[in-house]
Amino acid sequence: MFRSEMPRRHIAFAALFAAALALVCASGMPGLIDPDGFSHMAYTRRLWESGFSLRGHPFLPFTMLGDTGVDPWLGFHYLLLPFLPFGDLWGARLAGACIAGSLSATIAWAIGRMGRNAPWWLALAPLSLGVFLIRDQCARPGHISTALMIVQLVAGAGFVSPVAALLAGFAHGLVHLSSPFSPVFCTLGFLGARGFRAALRAEAGPGSSRAVLWSVGGVALALLVRPDRALLCAEGLAQTLLVFGKSLPHGSGEVGERGFALFLREGWPLYLLCFAALLAGVRRERCGSRPALQAALLAVLVSCLMMVVALRFVDYAAPCLALLAALLWPREPRKLRMGLAAAAALALVALLPSRIARAWDVGHHFYDEPAAFERIATAVRATVPAGTVIFTDDAWVTQILLSYLPEYRYLLAYDPVLLYMGSPQLFWRWHHAVGEGVDCPAPSCGPQRPSGAAIARVLTDFGTRYAITSTPRGRLSMQEVMAADASRFDLVELSPGQAYGLYLWRLRIDARMH
């Protein structure tokens, strides 16, 4: 059912190369380039230690996930269980490498399934994009979703059994909130292969309408077996609409940043490959049939349009472009194919040092190193009772704290939008406190002077005396306000780091009354 014309050794090589490259990138920095790996590993550990009874995120009591029993990444957390013995840091690195290898293997499989004598080495072409390479090493479910959607595209185009669409939809529904995109990409495969006019007229032809139905059924079946199905759909829809429809401060860069301009600037290796394949195939037989080419082209167009909304959709656009280039490639004699593969390998190797260096640079400056978190964790355990709520000024730093200090509760993590959905008023109070040093429960309030009294009031209303901050010195923030008000706040510990360092603050008991 899943057999591809691509030799297994080529698929295996693509997987091993991508996994090894992800490990090279990840091991060249002290921590992780993305904090999601820490938080996902930490949650998986909680899940294991609870005997799989953990539901929701009780350690985030103020967010929409606090007491709902919903875990949007439930299936992904089960996939991370084999990596727990390696610890959160190396477990995340190894998991990220496996995910990277799986995605490249899926692209190679799709190239072999949709094309004849198609160049397998193009499965590695997305790694030539710096932003894609950075995201490819992360222990997060995004690139698992990408692999599953490629399967959906192939199934919708009719190059694999509809059962593949059912299985991919089921897996996607368990792993990630992006599962509605599974039927979307299956539909793109179907419409591209058959053509819009023929599909609307229900005319017979290439493509599989049954795969589209089975894809929807797979996602629905996953929702039925999930223990959090009652609230997952409503919360997933609300979160998606809020993320894409409302601009909130402190939002995720991969959602708020428009990725199309970045992709235009960085995607030139893929454009060159597609252009070269287009020219080389003039008046010659191409590796992909017309239905396959139309399906891949439609997927490229839609994923590029999606990048206008968010950078995260580069995860879809880059693999689809690589697939399109492979299908555009002319069917050449074996010796010529080997020569082209060697030339492409040399080009990729020439690009990789700069891409790896960029990943290492980001990993050395974006977040503080593990040693800084270990020092602050020691200070917190010596000062703060377990189970206490800790106020933090950065949702992504909190994700790392979830790994180093799992016995505490926090205001927010993953994305500030989760706090907003739990309580808009609490979100705005947090936002104005951390960025302006004032207490304001609305998007905007009357003019206020930053004050330690306002910060003390916010901390008290959140039920805590302790805060961990990580803000550049000299910038207006609650960190600067607390540092200037020694009558109310004690600086318990400063843990210097490669980014901004970590500060542990304590509100004096007598200060809460003033």
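1. Contact is taken to mean heavy atoms within 4.5 Å. On that basis, residues 24 or more positions apart account for 75% of the contacts in the protein with a separation of 6 or more.

2. The model is predicted: local features need pLDDT of at least 70, side-chain atom pairs count only at pLDDT 80 or more, and totals for chains, interfaces and linings use all residues. Residues are numbered from 1 along each chain as its sequence is written, and side-chain values use heavy atoms, with hydrogens and water left out.

3. The protein has 23 helices and 5 strands, assigned as DSSP runs numbered from the N terminus (helices H or I, at least four residues; strands E, at least two). Of its 514 residues, 58% are buried, that is, under 20% relative accessible area (1.4 Å probe, protein chains only). The protein exposes about 21000 Å², and carbon and sulfur atoms supply 63% of this area, computed by the Shrake-Rupley method with a 1.4 Å probe.

4. Helix α2 (residues 36-49) and helix α19 (residues 395-404) have axes that come within 7 Å and cross at roughly 35°; axes are lines fitted to C-alpha atoms over the stretch in contact, with angles from 0 to 180 degrees between N-to-C directions. From α2, the contact is made by D36, F38, S39, A42 and R46, and from α19 by Q399, I400, L402, S403 and Y404.

5. Helix α15 (residues 290-307) has 18 residues and spans 26 Å from first to last C-alpha, close to the 26 Å expected at 1.5 Å a residue, the expected span being 1.5 Å times one less than the number of residues. Among the buried residues of α15 are L293, A296, V300 and M307.

Definitions and conventions:
Buried < 20%, exposed > 50% of the residue type's maximum accessible area, 1.4 Å probe, protein only.
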